[in-house]
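Subject: The model, and what turned up in it

Hi,

Here is the structure for you to look through.

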Amino acid sequence: FVMNESGFREKFFLGKEGITVYLHDFNFKSFNISATVMNSFSATTFNVKINKFNVQAEDKALAATLIHEIMHCVLLNIYRRAQKQDEQAFNSIIGFGSNKINVYNFFDVMNEGESGSHELMYCFFYPQMVLILERFAKIHKQTLNTGEAEFLMWSGLQNTGAYQKLSDEKRSDIEFTILKAKGFEIEKN
């Protein structure tokens, strides 16, 4: 529902067609991978594999995972449209320039694969990702404060430069929040 709101398309610079995301359950060998975007050469249609281990996760943790994967799709959409010389995609990338990324840097960072995509995701979308998670919680009448939403949206972004700059204490709090929401029984040190 949140993804279909009119503001989503405008905030995330999607083309006229928008994007379509299909979700598939998949058995990964461990919980290390919560989900992944399957390789597809379409600029608008994406398939996301969701690890069946997520069944133990709270809805807000699963929502954070889905938001993260959809942001991968948004970045791939912009990237693929730009490769096809789509003017709106280039304008989106230029709009990111306020975050010190120009068109050439965008392509260089995207070509780094998942790690580059995570850096761009944090740089461009992190505040909006938190807002989407908060909106999800509100729609589904779940308890989620802004701090918890911010912590949960770090899920999958722990190898970014921004995360590494956080204090050890904050990273510990984030990891505890993520693991607890994913259904792991752990004790906080």
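The protein has eight helices and three strands, where helices are DSSP runs of H or I with at least four residues, strands are runs of E with at least two, and both are numbered from the N terminus. Read from that end, the order is α-β-β-β-α-α-α-α-α-α-α.

Before the details, a word on the basis. This is a predicted model, in which local features need pLDDT of at least 70 and side-chain atom pairs count only at pLDDT 80 or more, while totals for chains, interfaces and linings use all residues. Residues are numbered from 1 along each chain as its sequence is written, and side-chain values use heavy atoms, with hydrogens and water left out.

First, the overall picture. The protein has 189 residues, and 45% of them count as buried (under 20% relative accessible area; exposed is over 50% and partly exposed lies in between, with a 1.4 Å probe and protein chains only). Its accessible surface is about 10700 Å², with 50% belonging to carbon and sulfur atoms; these areas come from the Shrake-Rupley method with a 1.4 Å probe. If we take contacts (heavy atoms within 4.5 Å) between residues at least 6 apart in sequence, 63% of them join residues at least 24 apart.

Two packed helices are described by the angle between their axes and the distance between the axes. Here the axes are lines fitted to C-alpha atoms over the stretch in contact, and angles run from 0 to 180 degrees between N-to-C directions.

Helix 2 (residues 59-83) and helix 3 (residues 87-95) have axes that come within 7 Å and cross at roughly 125 degrees. That angle makes helix 2 oblique to helix 3 (under 35 degrees is roughly parallel, over 145 roughly antiparallel, 65 to 115 roughly perpendicular, and the rest oblique). From helix 2, Ile78, Arg81 and Ala82 take part in the contact, and they meet Gln88, Ala89, Phe90, Ser92 and Ile93 of helix 3. By class, these residues are five nonpolar, two polar and one charged (Ala, Val, Leu, Ile, Met, Phe, Trp, Tyr, Cys and Pro count as nonpolar, Asp, Glu, Lys and Arg as charged, and the others, Gly among them, as polar).

The residues in contact include Ala63, Ile67, Met71 and Leu75 of helix 2 and Ser117, Met121, Phe125 and Ile132 of helix 5. In total, this contact has 14 nonpolar, four polar and three charged residues.

Is Ser117 buried or exposed? Ser117, in helix 5, is buried, with a relative accessible area of 6%. Beyond its neighbours within four places in sequence, Ser117 is in contact with His72, Leu75, Val109 and Met110.

Finally, two loop residues with positive phi. Gln85 is not a glycine, yet its phi is about 65 degrees. Gln85 sits in the loop between helix 2 and helix 3 and is exposed, at 59% relative accessible area. Lys141 has a positive phi near 50 degrees, again in a residue other than glycine.
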